[in-house]
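User: Can you walk me through reading a fold, one feature at a time?

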Amino acid sequence: MPSILDSLAGPHPALWVEVSPPRGINVEPLLKRLAELRGVADAITLTDNALAKVKLSGLVFASMIKSRLGLPVVLNFSCRDRNLLALKSDLLGAAVLGIDAVVALTGDKIEPGAHGNARTVRDVDALGLLRVIGELNRGDTGEAKRLLKTLPNLVAGAVANPNRTDLEREYELLARKAQAGARFIITQPVFAIEAGRRFAARAREYGLRVMLGILPIKREAMADYLKDRVKDLSGARAHLERYAGMTEDEVRRRSIEESLALMSALGPEVSGFVIMSGGGPSLAIELAIEFNRRRRSVGR
């Protein structure tokens, strides 16, 4: 059976769309929206309680996407919320469900007092989780031989931040993630061609397939939040400030145009793109549909 990695080696960039599972148990509205991506996106990427906000189990929602929509799923796994026993159990569940790839994350910090003073677990970090996935895939332990005897290998990925001020430190982490077993990298949102090009070239040196993060901006308030509250995007501050004073329609239109230009310029240099929802899927889906239309027209 073809691996999701095969779709990252094609002549045209792959397209994934990242969404968060629903906040409650009403899954139908989001499934209906995601149905628009059939024949458009090559995979759906699901977050795992991103920003330490509780959502429906990604594993459960991933199984619904697979069974109801027939779309490949890339599932994030955060070490923050599970001990090692639970991580291994959920990895087995992902393998049984045919989840196409998993992304190892250390996980966002939990603010003091949040969720009844919930505690961070982190028996392992992202590097440790990558090693666990590798052990299970290889059957290095008696436990792995018993558990994964008849199951397919789990394709493992990781995340990276091209906007980091200390890029050499980020490249060091990138090399360690590749050595630990990551096969692909999903980056934090990229807003500048040169930043994406530079990071992709370095990641390829480590044998990693690069999925560049693309985050369309919905409104000025969203740009302000990202600029002021998300440390990982501090390097993109100049770009985010460009939306000041614009109406919502102006922001959306400019963001779509600039995202498409960025994807067109970097498409030949990366394996693909992950369009991120940023709180809701509407703009991400709009961008995905337009990018796919252009991608197909080029392939004719």
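Predicted model: local features only at pLDDT ≥ 70, side-chain atom pairs only at ≥ 80, totals over all residues.

User: Which helix holds Glu170, and what does Glu170 touch beyond its sequence neighbours?

Analyst: Helices (H or I, at least four residues) and strands (E, at least two) are DSSP runs, numbered from the N terminus. Glu170 sits in helix H7, residues 167–180. Contact means heavy atoms within 4.5 Å. Setting aside residues up to four places away in sequence, Glu170 touches Ala160, Asn161, Arg164 and Phe199.

User: Where is Phe199, and what is around it?

Analyst: Phe199 belongs to helix H8, residues 193–205. Its relative accessible area is 1%, so Phe199 counts as buried. Not counting residues up to four places away in sequence, the contacts of Phe199 include Glu170, Tyr171, Leu174 and Thr187.

User: How do I read a nonpolar core, and which residues touch the most other members of the largest one?

Analyst: In soluble globular proteins, nonpolar side chains tend to be buried together. A nonpolar core is a set of buried Ala, Val, Leu, Ile, Met, Phe, Trp, Tyr and Cys residues joined through side-chain atoms within 4.5 Å. The largest one here has 71 residues, and Leu37, Ile65 and Leu129 touch the most other members. Helix H5 (residues 126–138) gives this core its largest share, 7 residues. There is also a second, separate core of 28 residues, with Ala14, Trp16, Leu215 and Ala236 among them.

User: Zooming out, how many helices and strands does the chain have, and why is it called as compact as a globular protein of that length?

Analyst: The chain has 12 helices and 8 strands. Its radius of gyration is 19 Å, close to the 19 Å that the globule rule gives for 300 residues, so the chain is as compact as a globular protein of that length. That radius is taken over C-alpha atoms, and the rule is 2.2 Å times the number of residues to the power 0.38. Buried residues make up 49% of the 300.

How values were computed: Residues numbered from 1 in each chain as written. Heavy atoms only, no water. Buried < 20%, exposed > 50% of the residue type's maximum accessible area, 1.4 Å probe, protein only.
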